[in-house]
Amino acid sequence: MRSFQVCQCGAPLQLEERATPQPTGTEVLLRVLAAGVCHSDLHFWDGFYDLGGGKVLRLADRGVELPLTMGHENAGEVVAIGPDAKGVKIGDKRLVFPWIGCGECGVCRRGEEQLCLKPRFLGVFRNGGYSDHLLVPHPRYLLDYGVIPVEQAAPLACSGLTAYGALLKIGPVLEREPVVVIGAGGLGLICLSILKAMKGFGAIVVEIDPVKRAAAKKAGALAVIDPNAPDAGKQITDAAKGGVWAAIDFVGTAATARLAIDSLTKGGKLIVVGLFGGEITLSLPLIPMRAMTVQGSYTGSLAELNALLDLIRHAPLPYVPTTTRPLDGANAALDDLRAGKIIGRTVLTPAG
Ligand SMILES: [Zn+2]
Ligand SMILES: [Zn+2]
């Protein structure tokens with residue numbers, strides 16, 4: 001088995017070759033056909049999040065141990081099955097749900113493993129898909145992606161699910177009111193498509209990069225707004241014909257969160273997804289007086305990923321521009337992502 005691993009935070013991934021594991025118990029071994037390179041891999045690779053005010057959250061303190069094979073957006077072909085793994089057969093092609101919890105706590109039992117306090121997320125706490133093989137602990141984390149091309153299917157496990165999980169938090173009001181979407185990178189664009197598939201009213205997209213604004217407009221945004229414009233806030237509320245009921249911040253800086261909160265109407269909701277970093281202050285009386293909700297959203301549940309695949313089966317998404325690279329291109333793909341050179345998604349194809 002060949003894997004590209006983080007051995008030291010921020011240092012280039014290293015090629016590690018070892019014996020291919022054999023699945024035991026309920027485990028299933030996949031040959032990795034596609035492994036998406038996600039922006040959050042840059043945070044895992046760096047080993048910390050910027051909490052603002054000079055504070056950082058270190059992944060080592062959250063139980064992440066090195067060396068680690070990153071890659072949480074994986075799809076592959078079943079090549080070996082543990083004796084207790086039921087419901088899959090050799091040759092099945094499956095999307096992998098990576099947000100695996102302990103399986104035993106109340107959170108896991110109610111089906112929200114992505115929020116478990118003892119996470120076993122693949123590619124974050126356990127070895128992921130920057131590798132030619134991937135061990136999955138149980139077949140229930142394997143989803144049939146049908147006729148979706150594999151390099152389009154893999155990113156659904158994180159970027160697709162994250163956008164869908166955020167949109168679900170808005171509720172039925174999204175059919176009647178525009179949603180403000182901050183950031184038109186890979187997440188923002190897939191969010192527009194999923195919103196459409198959900199029969200949403202539409203999105204007002206806020207993005208600093210004119211190229212990405214044009215991409216959002218082409219993807220059907222109701223309006224696109226440059227947050228650096230001096231009247232950006234007014235442009236947003238004008239486009240929303242008053243106050244905004246719901247905003248999703250896929251960037252997550254002090255400036256984007258501030259802009260979103262200031263544009264909310266009474267009863268409005270901001271959903272923070274992006275992990276760029278920073279901090280804001282909130283006037284406490286304005287939270288009740290404006291009946292405001294600020295909610296975080298972290299990926300989504302196994303049931304939500306199943307529901308997303310179901311939604312796409314009935315309303316196929318337009319394909320996200322995707323570049324494929326061999327496994328050996330993992331370092332170059334991360335460097336390009338950090339340099340902002342990626343339009344759409346890069347997917348590693350370890351199985352060649
Ligand atoms: Zn748990
Ligand atoms: Zn991700």
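This is a predicted model: local features need pLDDT of at least 70, side-chain atom pairs count only at pLDDT 80 or more; totals for chains, interfaces and linings use all residues.
Along the chain, the donors of the zinc ion (ligand 1) follow the spacing C-x2-C-x2-C-x7-C, where donors are N, O and S atoms within 2.8 Å of the metal (3.2 Å for Na, K and Ca), and water is not among the atoms, so sites may look incomplete. Residues are numbered from 1 along each chain as its sequence is written, chains are lettered from A and ligands numbered from 1 in the order in which they are written, and side-chain values use heavy atoms, with hydrogens and water left out.

The protein donors of this zinc ion (ligand 1) are the SG atoms of Cys102, Cys105, Cys108 and Cys116, which lie 2.3 to 2.4 Å from it. The angles among the 4 donor atoms run from 104 to 116°, and the site is tetrahedral, a word used for four donors if all angles lie between 85 and 135 degrees.

Are Cys105 and Cys108 buried or partly exposed? Buried means under 20% relative accessible area, exposed means over 50%, and partly exposed is in between, with a 1.4 Å probe and protein chains only. Cys105 has a relative accessible area of 25% and is therefore partly exposed, whereas Cys108, at 7%, counts as buried.

Let us turn to the other zinc ion. Cys38 lies in the loop between strand E3 (28-37) and helix H1 (39-46), and Cys158 in the loop between helix H3 (150-153) and helix H4 (159-168), so the pair ties together parts that are 120 residues apart in sequence. Helices (H or I, at least four residues) and strands (E, at least two) are DSSP runs, numbered from the N terminus. Both Cys38 and Cys158 are buried.

Finally, the sheet. In the order E2-E1-E6, 3 strands form an open sheet with antiparallel pairing, and two strands pair if DSSP finds at least two bridges between them. Strand E2 (14-17) and strand E6 (68-69) stand at the edges, each with a single partner strand, so one side of each is left without a neighbour in the sheet. Strand E1 (residues 2-6) pairs with E2 over 4 bridges, and Phe4 stands opposite Leu15 in E2.

How values were computed:
Four donors count as tetrahedral if all angles lie between 85 and 135 degrees; four count as square planar and six as octahedral if opposite donors are over 155 degrees apart and all others between 65 and 115; anything else is irregular.
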